[in-house]
Structures are given as structure tokens and as C-alpha cells.
Amino acid sequence: MAESSRNGASPGMWRRESSTVVRRAAALPGQAADPFVILAESQIPPVPTEWAPHSHHLHELVWVRGGTLTSRVEDRVFTVSEGHGLWMPAGVVHRGRTTAGVRFHDAFFAPDRTPFAFEGPTAITMTPVLESLLTHLARTDLDAGARARAEAVVFDVLQPSERQFALQLPGDTRIDAIAEALLDDPADCRSLDEWARTLGISDRTIARAFRQTTGLSFVQWRQMLRTHRALTLLAEGLDVQTVSETLGYAQPSTFIAAFRRVMGTTPGAFFVAAADGAPDGVRNPVSGVPNS
């Protein structure tokens, strides 16, 4: 069941687009009653889509092509971009959002027959082999032997990503207003002094609270948040100059340098690498990010 949301924001997420469709929960594949270890499916939401908080009795692995997925789990925001997936353990309450036109994939794993466990949400490297195997398992005509062989290889090649890209939200009433304001408008350039005057507390208190709750300075945290948002904007096809302006940077070179500090590479190189890892026939619309 879904409804269209014309305004408002999803707490701890990005500003909600006017055309966003909000779904109450992601339904399990139709084969959920069958004795399979892994159930896979895909869909292409034509408009920005948001799933309300929910959980599954199965482990879930989600990944995307041609866009991004943002997921909120307690006090963390995960951004899933090309070449990466997000493992959500069974029973963990989460909500998520996809950009319009993204090819959204998910696979569900029976906990009692999955030979490994991750303690919490975990970024997964979506190699071409892993993605192809899961696409293969989405078929409904596989016999038991073929399915068992494919599932065994999935368990061999499924590995955590070297980069666990999550934004830690403060969860501190003294500074939560700052985090929510920046999630709503990442271009907000107010300094610590300006925020201190707005909130009626000292800039030292703000700086200390960010360090204690997120492990980052205020400036580093804002830079991390802007990089998360940049992944979504770039995946939607915006060029580097437009993204730079949207996020409040004075010039594109400043944005590119900030992106490199967080991601270890430039925006263009990041998306080219993701495109190079795509299975045959899957096109990344931002594989040639200009000015990067």
C-alpha cells in the first residue's frame, strides 16, 4: 500500500521530494513460502520511493543500479550507491528511500540456513559475480540442484565492503537541531559561532557534542553529510558544478577536494569504477561525471 507525499521531511533523512511515494513496507517475494535459502527480485520505481519503518523475519541484501538508496537505521544513515549493497539483519527496523528510475534489487536470506551473520547493517561489495548469481536466483524455473549450487557460491563470494559508508547522527538534544537543518539543507553554511547564537549555547559545547556523539568535528561531519548527499545528486545525473552549488561550495574544485577527502577518490573516478563493475547490459547514467 502506498501514498503520495506532497510535503514534509522524513526525520533523519533528506528532504522529501514532492512526488515521493511512501510505502508502508517492502513486501517479500512471492516465493517466500517456498523452502529456498535465497529469494531475489528487482523493480524500477518510476518516482522517488520511500519505505516507512519496518523489519523482516529474513536477512535482506539491497543494491541499486542507475541511482542511489538511502537507508535510516536507528541513529545512522547509509547511502547505497553503484557497486555496493547493504545487508540488513533479520529483525532490524529500518526505512529507506530510492531515487526515481533506479533499478532496485533485493535478496532475502533464511537466517537459519545462512552460514554467516553480521551483527548489524553492513555495506557489501556487489561484485559482478555476486550480482549475476543473485539475478540468476531470481528465476522461478531453477531446479533444487541448480539453486543449491548457486546459493553455495553466493555464500562464498559475499563479502563486506572495505568502506562502511554510514553517517552517524548525533542523537544529542543540544545539537540535533543542527543535524536536522543540514539534512534538510546541506548548503546551510552557518558557522559554529552562528549556531551557538541561534541555540543559546557555547560554540565549545557544540564542538564537544559533535566529537562525543559522532567521532567527528562539526566541519568533518558536515563534509561527510554533504558527500552522502552528493552521491545521490550525482547519481540523478547532475553535473559536478551544479552539485557543488547545491551543497554550498564556493567552487567545484573545493567540492571535488572535499569528496576526495571522504571517499578517497574524485566523483568521476568513483562512478567510473562503479560502472566498470556493472554486469553486461547495465548502464550507469553517471559513469562520465563531467568536471571531476
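**Exercise 1. Find where Thr-68 sits, decide whether Thr-68 is buried or exposed, and list what Thr-68 touches.**

Step 1: Thr-68 lies in the loop that links strand S5 (59-65) to S6; strands here are DSSP runs of E with at least two residues, helices are runs of H or I with at least four, and both are numbered from the N terminus. Before going on, note that this is a predicted model, where local features need pLDDT of at least 70, side-chain atom pairs count only at pLDDT 80 or more, and totals for chains, interfaces and linings use all residues. Residues are numbered from 1 along each chain as its sequence is written, and side-chain values use heavy atoms, with hydrogens and water left out.

Step 2: Thr-68 has a relative accessibility of 1%, so Thr-68 counts as buried (buried is under 20% relative accessible area, exposed over 50%, partly exposed in between, with a 1.4 Å probe and protein chains only).

Step 3: Leaving aside residues up to four places away in sequence, Thr-68 touches Val-80, Ser-81, Arg-97, Thr-98, Thr-99, Val-102, Leu-231, Thr-232 and Ala-235 (contact means heavy atoms within 4.5 Å).

**Exercise 2. Describe Glu-74 and the way Arg-72 meets Glu-74.**

Step 1: Look for Glu-74 in the loop between strand S6 (69-73) and strand S7 (76-80). With 66% relative accessibility, Glu-74 is exposed.

Step 2: Check the backbone: Glu-74 is not a glycine, yet its phi is positive, at about 50 degrees. Most residues other than glycine have a negative phi.

Step 3: Turn to Arg-72, which is in strand S6 and is buried at a relative accessible area of 17%. A polar atom of the Arg-72 side chain lies 2.3 Å from the backbone oxygen of Glu-74.

**Exercise 3. Work out how helices H3 and H6 are arranged, and which residues meet.**

Step 1: The axes of H3 (residues 176-184) and H6 (residues 218-235) come within 10 Å and cross at roughly 30 degrees (axes are lines fitted to C-alpha atoms, for helices over the stretch in contact, with angles from 0 to 180 degrees between N-to-C directions).

Step 2: H3 and H6 are therefore roughly parallel to each other (angles under 35 degrees count as roughly parallel, over 145 as roughly antiparallel, 65 to 115 as roughly perpendicular and the rest as oblique).

Step 3: On the H3 side, Ile-178, Ala-179, Leu-182 and Leu-183 meet Phe-218, Trp-221, Arg-222 and Leu-225 of H6.

Terms used: Polar contact = N/O pair within 3.5 Å; in protein donor to acceptor, adjacent residues only side chain to side chain.
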